[in-house]
Amino acid sequence: LVLHVFLVVDLEDLGAVLRRAKEKLARGIIPLFLSNDLSMAQITGSTKASGLIGFRDRSRFVQLEDAIYYDNLTRKSIPVYRIPEFVEQCRIVRQWFLEGLINTDVTTTQVTAREAMQQGKAFVHVQAQSPIHQIQWENETGRKLISVSFIPGVKETQSMTGALTALPVGCTDPARAMMVINLFMTDAKLKNLFTWGIEGRHYVRVKDNVIKLPEGVKSAADNGYNPGNFWLFGNAYLLDVWDNEPSNKWNLLRVYCDTMPKSPLLGFAYDSSPVKLEAADHANVMKELFPMMINGVLDTDDVLARIELRDKAAGVDRICAEIDRQVTAWKAGKQ
């Protein structure tokens with residue numbers, strides 16, 4: 001498939017790409033494949049990344065609860081579905097769904113975006129990414145890809161603490177458990193073993209810290225060991241790089257992380273326990289209805305009215321008031 005070069009900076013631009021792709025793609029290939037693992041939540045406001053297309057100022061909106069953002073301009077929390085720009089984005093995605101640009105089983109499919117890409121069933125997917133993700137996905141899917149960045153990264157409490165390794169309170173031998181954690185932070189052989197598998201079976205060494213797939217294996221998903229866990233634990237900077245990756249891959253990631261701007265609420269941790277009942281009811285509403293809205297499955301205004309009615313009854317306004325109280329107290333304590 002050959003497409004003219006498009007300048008993609010917002011959803012309208014992406015829509016033009018998807019429509020052109022539908023014209024040229026073979027039957028059975030979805031222009032935009034969405035699923036439970038990678039949905040429009042990645043770029044329309046339900047992800048912890050907290051950036052929204054249309055909300056260019058990343059310092060303004062910070063997600064502190066499922067689909068609830070703190071607006072640093074108004075100093076008030078607000079459900080994302082009450083933000084006009086977000087609703088307009090959902091209307092755009094709804095039109096894509098009606099045009100057949102999105103798979104109709106987006107909310108029920110058990111096929112992951114990675115599997116769909118590997119099988120040649122998907123043209124575009126959306127996900128959080130960094131400078132190292134494109135080639136990583138190429139290795140895992142066996143497909144050559146082009147990546148476009150919509151939302152710049154930002155350091156915020158949720159993203160900075162999302163992959164912390166900690167010892168549970170009930171740990172029976174914390175000293176030795178900590179030794180294991182330290183090994184994954186310092187021992188390159190151990191970190192590579194659990195991430196890439198066994199040398200000579202799941203990969204072969206090219207030189208020093210450069211590896212490649214065994215002969216005849218097209219993607220990491222086919223090599224018999226592909227947990228995709230390099231970011232979950234240990235020191236990723238100890239890892240070998242694949243032969244088609246930049247030799248300075250990990251330095252690129254380090255620079256990307258080090259130069260990322262800080263959220264104005266970095267360090268604030270929201271405690272939902274004062275409104276735990278309301279939070280549980282709110283989460284149920286979001287789980288049932290929100291995917292229908294962000295992925296265009298139902299009419300935007302109809303599902304929005306249903307969300308607003310049920311979420312108000314669930315106590316979303318009390319949740320927002322509690323978030324505001326905690327943020328105000330946290331800011332006062334920093335002065």
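This is a predicted model: local features need pLDDT of at least 70, side-chain atom pairs count only at pLDDT 80 or more; totals for chains, interfaces and linings use all residues.
I began with Ala-67, which counts as buried because its relative accessibility is 0%, and the cut-off for buried is under 20%.

Where does Ala-67 sit? I found Ala-67 in the loop between strand S2 (61-65) and strand S3 (68-71). I then looked up its backbone: Ala-67 is not a glycine, yet its phi is positive, about 65°. I noted this since most residues other than glycine have a negative phi.

Next I turned to Asp-208, another residue other than glycine with a positive phi, near 30°. Is Asp-208 buried or exposed? I read a relative accessible area of 68%, so Asp-208 is exposed. Its place is in the loop between S6 and S7.

I see an open sheet of 3 strands in the order S6-S7-S8, and its pairing is mixed. Strands S6 (204-207) and S8 (241-242) are the edges; each has a single partner strand, so one side of each lacks a neighbour in the sheet. I checked S7 (residues 210-212) against S8 and found parallel pairing over 2 bridges. Which residue of S8 is the bridge partner of Ile-211? My entry reads Trp-242.

Last, I looked at helix H9 (residues 249-258), where Lys-249, Trp-250 and Leu-253 are buried. Down the axis of H9, these buried residues fall within an arc of 95°, so they line one face of the helix. I recalled that an α-helix has 3.6 residues a turn, so residues three or four places apart point the same way.

Notes: Residues are numbered from 1 along each chain as its sequence is written. Side-chain values use heavy atoms; hydrogens and water are left out. Two strands pair if DSSP finds at least two bridges between them. Helices (H or I, at least four residues) and strands (E, at least two) are DSSP runs, numbered from the N terminus. Buried means under 20% relative accessible area, exposed over 50%, partly exposed in between (1.4 Å probe, protein chains only). The arc is that of the directions from the helix axis to the C-beta atoms.
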